[in-house]
Amino acid sequence: MLQGGYTGKILRVDLSRKEAHTEELSPEFAKGYIGGAGFGIKTLYDEVPAGADPLGPDNKLIFASGPLSGSDTPCASRMAVTSKSPLTGAVGMATTGGFFPAELKFAGYDALIVEGTAASPMYVTINDGDVQFRDAAGLWGTHTSDCQQMIKDSLKDQGYRIACIGPAGENLSRLACIINERRAAGRKGLGAVMGSKNLKAIAVRGHGEIAVADPDAYKTARSSFREHMRESPVLYSAFAKIGTPMVVDVLGAMGMLAAKNWQATGEFVPVDELGTEAGKAVTVGRNPCQGCPVACSQLKLARNAPYTGIMAEGPEFESLYSLGTQCGVDNMDAIIAADRLCDELGLDTMSAGVTIGFAMELSERGALSAIDSGDLDISFGNDRAMMALLEKMAYRDGIGDLLADGVKEAAERIGGDAAYYAMHVKGLELPAYDVRGAKAHGLNYATSYTGADHNRGYAFQEIFGIPIPKEVDRFALEGKGELCKWNQDMRTATCDCPTMCAFLLDMAVPAVAAENAAALLTSLTGVSFTAEEVFQVGERVNNLARAFNAREGFSRKDDTLPDRLMNEPLLVGGSKGHHIPQEDLDLMLDDYYTARGWDVATGTPTRAKLEELGLASVADDLGV
Amino acid sequence: MRITARTVMHLASLLGSREVELELPAGSRVLDVLVRMADLMGDQAVPALLRPEDRRPQGHLRIMLNGRDIGVLEGVETVVQDGDEVLVVPPAGGG
Ligand code: SF4
């Protein structure tokens with residue numbers, strides 16, 4: 001029985017019929033998938049048929065908080081937003097924090113499933129059990145912060161928490177994200193799915209509380225977690241003050257901070273301009289997620305023309321890459337402004353920046369000469385052109401229409417050898433880590449179920465030298481298949497499903513992540529979990545996501561890396577001489593599929609593995 | 001022989017630079033490089049790098065030789081060669 005943590009209720013909303021009803025969450029489901037990404041991917045697999053148009057009425061959008069979300073476990077207000085990605089055609093799952101995830105729980109729901117398509121722009125309000133479908137004609141076209149404020153004003157309640165899209169989502173840019181407060185369920189084009197459903201926003205207000213199954217055991221588990229947080233050599237002492245931008249310094253020194261569309265890694269390394277010290281100088285405040293004592297998230301203010309007075313929550317490390325080094329931009333104020341602009345337009349900072357860097361390289365190579373770019377000088381380092389392109393992409397204006405769907409689509413439309421310069425895996429643009437210097441991290445880009453996604457199997461052993469489960473040589477190939485699997489399953493099991501901020505995994509509980517999650521989940525929910533069972537949920541969810549992708553036609557051939565990473569060794573910096581040629585990738589893939597118990601030739605889960613995970617019916621579906 | 005010693009963040013502030021060139025006798029080890037870095041930092045800053053009790057590296061530091069964590073080599077006893085690069089990174093996370 002579900003005694004705590006979970007609300008036990010799923011809200012299903014049909015936009016076509018303007019109907020909403022609740023469903024029960026079963027203890028068996030909780031035990032098998034925990035929640036969050038587990039709930040989202042299971043629902044996606046069961047309910048979105050193979051071949052469904054990601055921007056059509058058959059696709060669904062699933063917002064799922066985990067059982068820990070809304071409880072007083074620190075750093076747990078997170079949710080997974082899951083859909084079939086219009087950017088990749090694969091599973092699109094992104095997590096976001098802030099206050100919305102906990103508020104959904106306070107309103108009485110573990111998850112919200114959105115289906116159908118509204119006939120005209122609409123927003124949905126959820127106030128505990130009261131669900132209303134409202135006309136969004138007056139909101140359509142607004143920036144995300146104005147949209148959120150207008151909804152609060154019109155409902156006469158500033159306590160609503162709102163997830164919405166900006167112009168990018170309305171215009172079906174496949175780089176559009178969903179913004180709640182100033183946070184994003186980024187990447188994979190989830191904002192375009194919302195736009196395709198004519199859904200501008202979801203506003204939620206809750207007044208409930210999260211029950212606790214075993215208060216004494218929960219108190220012990222929570223104290224132990226907080227103790228691990230306090231003992232961390234970095235969490236409070238550095239990360240709370242500097243946040244993610246510290247990774248600029250670290251990756252810069254390791255020769256892994258990708259730059260200028262991955263041509264200038266190790267060469268263009270603006271640590272003085274964009275690193276830790278530069279970040280401190282522009283930080284004016286902090287904005288923690290609900291229930292977070294760390295508060296890594298920082299408000300930064302631009303103080304120099306032409307960006308004077310523009311403030312952003314961020315830029316986080318990844319945006320310092322995508323809107324910074326990737327575009328050859330080392331002007332912090334410009335990146336703050338671009339970060340804010342992306343948030344307002346509802347455009348994913350990472351994919352948008354990588355796409356602009358791609359355009360900059362093509363432009364410098366003369367490959368865009370046939371395309372009308374107006375009077376824009378699209379060259380590396382031109383921050384004004386970057387700002388202009390972000391606007392154009394969100395509104396599909398001129399060359400912006402070409403770039404609005406990411407590098408893979410743009411390269412296909414441009415033709416010639418443009419695909420060589422398109423930095424993506426499965427259509428998802430590459431994150432900041434130049435994985436020529438970190439092989440397990442690269443293998444994760446190649447195999448993650450969402451495409452090139454650092455968040456689905458972050459190799460903190462290689463990036464931060466944390467020797468858990470063991471110390472590794474970041475340049476070596478041996479053992480990286482097993483390590484990649486461990487990272488993917490552990491991240492899914494202990495962060496994406498329960499739900500928990502992933503920064504705590506590597507900085508607070510790397511050695512005991514599954515034990516920590518098991519103790520918290522068991523005492524909070526009354527469903528008993530061992531550490532092994534928690535970890536196995538991670539494996540189950542990764543297998544189910546892989547099965548979804550296999551059903552859509554993905555296989556080993558799609559587990560690849562951009563040609564540049566396979567053909568061009570790094571020329572300078574701390575990872576000089578390294579790359580990932582096809583034979584090295586093949587060797588790691590063989591190891592990875594073997595570690596996963598998948599068919600090595602196709603990369604498809606085997607019947608034996610699926611049965612071991614209780615997924616026999618999935619094996620039937622796949623015909624394996 | 002010449003060794004490049006590098007570090008980041010607050011350790012770079014203490015060192016006065018993110019990178020220094022060091023002259024060391026042949027046969028020097030990673031530990032010797034760290035001791036020289038600590039000398040350059042001055043007495044106040046030494047504990048950021050070395051434990052006061054035995055002048056061995058603080059356990060939470062990440063130390064790399066030519067990009068590889070020294071844990072997969074011979075640890076601080078690893079002998080360095082002319083032209084090698086030692087990188088010391090304080091605990092970090094996020095991203
Ligand atoms: S550490 Fe940062 S991202 Fe994680 S919950 Fe706290 S404020 Fe949010």
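These legends walk through several close-up views of a predicted model. Local features need pLDDT of at least 70 and side-chain atom pairs count only at pLDDT 80 or more, while totals for chains, interfaces and linings use all residues. Residues are numbered from 1 along each chain as its sequence is written, chains are lettered from A and ligands numbered from 1 in the order in which they are written, and side-chain values use heavy atoms, with hydrogens and water left out.

**View 1. Chain A meets chain B.** The contact (heavy atoms within 4.5 Å) takes 34 residues from chain A and 21 residues from chain B. About 2,000 Å² is buried between chain A and chain B, with carbon and sulfur atoms giving 58% of that area; buried area is the accessible area (1.4 Å probe) that two parts lose on being put together, summed over both. Two salt bridges are counted between chain A and chain B, a salt bridge being a side-chain nitrogen of Lys or Arg within 4 Å of a carboxyl oxygen of Asp or Glu. Look for Arg18(B), which forms a salt bridge with Asp272(A), their closest N and O atoms being 2.9 Å apart.

**View 2. The side of chain A that touches chain B.** Elements that give two or more residues to this side include helix 10 (271–274), helix 11 (276–282) and helix 12 (317–322) of chain A; helices and strands are DSSP runs numbered from the N terminus (helices H or I, at least four residues; strands E, at least two). Helix 9 of chain A gives the most, with seven residues. By class, this side of chain A has 18 nonpolar, seven polar and nine charged residues. Here Ala, Val, Leu, Ile, Met, Phe, Trp, Tyr, Cys and Pro count as nonpolar, Asp, Glu, Lys and Arg as charged, and the others, Gly among them, as polar.

**View 3. The shell around the ligand.** Residues around the ligand (one heavy atom within 4 Å of it) include Cys75(A), Cys289(A), Cys292(A), Cys296(A) and Cys501(A). Arg183(A) and Phe503(A) are also among them. The shell has nine nonpolar, no polar and one charged residues.

**View 4. An aromatic pair.** Over all chains, the structure has 13 aromatic pairs. Rings of Phe, Tyr and Trp (its six-membered ring) pair if their centres lie within 6.5 Å; planes under 30 degrees apart count as stacked, over 60 as edge-to-face and the rest as tilted. Phe239(A) and Phe503(A) have ring centres 5.1 Å apart and planes at 65 degrees, so the pair is edge-to-face. Phe239(A) lies in helix 8 (residues 235–242) and Phe503(A) in helix 21 of chain A, so the pair ties together parts that are 264 residues apart in sequence.

**View 5. A salt bridge within chain A.** Glu47(A) and Arg12(A) meet through their side chains in a salt bridge (2.7 Å, N to O). The pair links distant parts of the chain, with Glu47(A) in helix 2 (residues 37–47) and Arg12(A) in strand 1 (residues 9–14), 35 residues apart.

**View 6. Backbone details in the loops.** Most residues other than glycine have a negative phi, and most peptide bonds are trans. The bond from Ala305(A) to Pro306(A) is cis, with omega near 5 degrees, and Pro306(A) sits in the loop between strand 14 (298–301) and strand 15 (311–313) of chain A. Another cis peptide bond joins Ile468(A) and Pro469(A), with omega about 5 degrees. Asn198(A) has a positive phi, near 60 degrees.
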